[in-house]
Amino acid sequence: MVIIENANIDDKLKILADSAKYDVACTSSGVERKAEKGSMGSTSACGICHSFAADGRCISLLKILYTNECIYNCKYCINRVTNDIPRVSFTPEEICSLTMEFYKRNYIEGLFLSSGILHTPDYTMELMIQTLKMLREDYHFGGYIHCKTIPGASSELVELAGWYADRMSINLELPTADGLKRLAPNKSRNAILNPMRQIQLGIDQSRRLLGMKGGNYSAYSYTRDRLAKKEPHLTSSKVLFDMPKIAPSSPAVLHRQSDSLTKRGFAPAGQSTQMIIGASGETDFEIMSVTEALYQKFDLKRVFYSAFINVNNDDELPSPADGPPLAREHRLYQADWLLRYYGFSASELLSDKRPNFNPFLDPKCDWALGHLEDFPVEINRADYDTLLRVPGIGVKSAGRIIKARRMGKVGFNDLKNMGVVLRRAVYFITCGGKMFSNALHIDEDFITKQLINKDTLLRNNTSESSITYKQMHLFDFIPQ
Ligand code: SF4
């Protein structure tokens with residue numbers, strides 16, 4: 001390991017912000033732009049990323065590692081112990097001064113702090129807590145802090161970090177325990193799921209016992225609770241991919257702390273996790289089932305997906321010819337949205353027989369094409385949850401339709417103004433009993449042809465003439 005002892009703070013920032021870029025539990029801007037004459041503000045690719053606050057605001061964060069030294073040897077990670085790369089570590093004081101200086105210059109609104117494992121998980125977590133404590137108590141920093149939990153750190157330290165941070169996260173890393181064992185041999189599933197459970201219970205207790213607002217109530221729980229009351233069959237889907245049963249660490253997860261520590265609440269912006277996609281061979285169905293289980297059992301705010309990049313050229317890892325599976329990552333994010341806001345379950349979207357998303361169609365269109373018996377939906381009669389299942393109709397536009405119907409009949413022209421994406425929706429809806437055009441008909445091949453646009457074909461190096469619609473079944477598009 002090449003440890004650089006006398007690196008200055010700029011060099012450390014370059015190295016440790018660069019090392020943090022593979023963590024997608026918030027999204028990096030990656031933009032470098034100098035302020036120009038007559039304009040104000042500049043952006044830096046170096047470690048500024050965005051996250052979303054509990055009230056939905058997008059905020060910029062300084063995204064760094066405490067250290068890129070690590071005793072573990074995760075095969076997919078640039079910072080693994082066997083890599084011959086320059087290693088540096090911040091001190092708590094350095095991170096505090098960077099955060100405060102960037103904050104004062106309006107570059108950032110908060111800090112995203114992760115770390116490699118220095119000596120032991122507890123030693124590392126203690127350094128991270130020292131940093132957060134100093135920021136909150138000595139520098140009186142009231143901005144947003146996202147803190148990564150180090151797998152294997154003791155529960156007392158995890159708790160303390162939760163009092164200082166707004167959001168906590170611990171990366172699941174690989175979707176299955178088998179993948180984790182193969183590619184991250186020093187980590188265990190329980191060393192990840194136990195703190196995840198502890199944080200979940202802590203957030204819940206903080207919300208209930210201390211009366212903190214917001215906290216743990218994720219979009220997923222809200223959607224499922226609403227649907228469970230109305231459409232119990234939609235919430236009865238079996239979680240196909242069982243998570244190990246984890247007992248709560250203790251009935252009272254949160255210990256007595258000073259008022260100054262508890263006034264912010266325990267991780268009031270909830271917790272999230274990240275999975276690497278495409279490194280360990282899981283299907284989309286397995287990934288979505290794990291995601292669903294994480295939302296159901298751990299009440300996560302977000303699951304992030306990171307298309308695998310083979311930075312180490314390790315023989316045990318795939319080297320996809322087309323680079324990282326970004327299109328797949330995109331489909332998973334679309335499907336994740338369907339789980340959280342649209343009341344879909346993983347087993348409605350995919351199955352053992354059809355384990356991967358159609359690369360040519362977004363998951364909602366794909367689902368609708370497999371359920372044409374539910375269409376067309378009459379815009380002037382359908383309830384909110386039925387509207388949500390129509391391709392091209394989103395949460396906002398469904399709400400606007402319901403509201404507008406109180407004033408009179410809704411027609412196709414009105415839908416466009418309400419934000420409905422008509423080029424997708426027209427195949428699945430009627431207004432006043434009529435379809436948009438007599439040329440439209442509810443037929444799987446016909447609609448598939450219309451929905452797969454030329455741009456998609458070009459992106460995938462496919463010519464339109466190479467696709468025949470009548471002879472092929474929709475599922476033939478799914479790669480084996
Ligand atoms: S624990 Fe694994 S993933 Fe994390 S920094 Fe170390 S080698 Fe990388």
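Which residues are around the ligand? They are Cys70, Tyr72, Cys74, Cys77, Asn79, Arg80, Gly116, Ile117 and Ala184. This is a predicted model. Its chain has an average pLDDT of 83, and 80% of the residues score at least 70.

**Ligand shell**
- Six residues of the shell around the ligand are nonpolar.

**Confidence**
- Residues 27-33 have a pLDDT below 50. The model still gives this stretch 17 contacts beyond near neighbours in sequence.
- Residues 454-480 also stay under 50 in pLDDT. Here the model has 22 contacts beyond four places in sequence.
- Where pLDDT is low, predicted coordinates should not be read in detail.

**Nonpolar core**
- The largest nonpolar core holds 111 residues. Leu16, Met128, Leu132 and Ala161 have the most contacts inside it.
- Helix α9 (residues 284-298) supplies the largest share of this core, with seven residues.
- Domain 1 (2-31 + 40-349) and domain 2 (363-477) both contribute residues, so the core lies between them.
- Beyond four places in sequence, Ala161 contacts Met125, Met128, Ile129, Leu132, Cys147, Thr149 and Met168.

**Around Thr176**
- Thr176 sits in the loop between β8 (167-169) and α5 (177-183).
- Thr176 counts as partly exposed because it has 18 C-beta neighbours inside 10 Å, while a buried residue needs 20 or more.
- Thr176 touches Ser280, Glu282 and Glu286, leaving out residues up to four places away in sequence.
- Thr176 and Met275 are 99 residues apart in sequence. In space, their C-alpha atoms are 9.7 Å apart.

How values were computed: Residues are numbered from 1 along each chain as its sequence is written. This is a predicted model: local features need pLDDT of at least 70, side-chain atom pairs count only at pLDDT 80 or more; totals for chains, interfaces and linings use all residues. A residue is near a molecule or strand if its C-beta atom, placed from the backbone, lies within 6 Å of it. Ala, Val, Leu, Ile, Met, Phe, Trp, Tyr, Cys and Pro count as nonpolar, Asp, Glu, Lys and Arg as charged, and the others, Gly among them, as polar. pLDDT is the predictor's confidence in each residue, from 0 to 100. Two residues are in contact if their C-beta atoms, placed from the backbone, lie within 7 Å. A nonpolar core is a set of buried Ala, Val, Leu, Ile, Met, Phe, Trp, Tyr and Cys residues joined through C-beta atoms within 7 Å. A residue is buried if 20 or more other C-beta atoms lie within 10 Å of its own, exposed if 12 or fewer, and partly exposed in between; C-beta atoms are placed from the backbone. Helices (H or I, at least four residues) and strands (E, at least two) are DSSP runs, numbered from the N terminus. Domain bounds come from an automatic or database domain assignment.
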